[in-house]
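Biologist: I would like to learn how to read a model of this kind with some care. Could we go through its features one at a time, with the general idea before the case?

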Amino acid sequence: MSNIKTIVKNGASGGVKSEQVLQVGKGVRGKSVRIKLAPDELLQLVDEETGLGPERIRIERVGYDLQLSFPEGGVDAPDVIVESYYSD
């Protein structure tokens, strides 16, 4: 399984606020990565093998959260959950 780097950036300056590497499939094992973004922050996903964005990703809104799943890990168990992504 591949590794995906999640990078949280400041939207205005583009500076990196945090980085985290996750192994695809963590959601299947109940260990989804949870991220909370401020309104001015951006999330970037990078495949560590290619240095590019993931080729395939499933994105789903569940309540106020944005759930991201990679096919290698199983689309029914999100690998990344962006908490409170959507507002009222």
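Modeller: Let us begin with touching: a contact means heavy atoms within 4.5 Å. Before we use the term, note that this is a predicted model, in which local features need pLDDT of at least 70 and side-chain atom pairs count only at pLDDT 80 or more, whereas totals for chains, interfaces and linings use all residues. Residues are numbered from 1 along each chain as its sequence is written, and side-chain values use heavy atoms, with hydrogens and water left out.

Biologist: Which residues does F70 touch, not counting residues up to four places away in sequence?

Modeller: F70 touches I4, L22, V24, L45, P54, R56, I57, D79 and V80 under that condition.

Biologist: How many residues does the largest nonpolar core have, and which have the most contacts inside it?

Modeller: A nonpolar core is a set of buried Ala, Val, Leu, Ile, Met, Phe, Trp, Tyr and Cys residues joined through side-chain atoms within 4.5 Å; buried means under 20% relative accessible area, exposed over 50%, and partly exposed in between, with a 1.4 Å probe and protein chains only. Here the largest such core has 13 residues, and those with the most contacts inside it are I4, L22, I35, F70 and V80. The elements that give two or more residues to this core are β1 (3–10), β3 (33–36), β6 (65–69) and β7 (80–83). Across the protein, buried residues make up 32% of the 88 residues.

Biologist: How many helices and strands are there?

Modeller: Helices (H or I, at least four residues) and strands (E, at least two) are DSSP runs, numbered from the N terminus. The protein has zero helices and seven strands.

Biologist: What is the order of strands in the open sheet?

Modeller: Two strands pair if DSSP finds at least two bridges between them. The open sheet of three strands has the order β2-β1-β4, with antiparallel pairing, and its edge strands, β2 (16–23) and β4 (41–47), each pair on one side only. Between β1 and β2 there are seven bridges, and V8 has S18 in β2 as its bridge partner.
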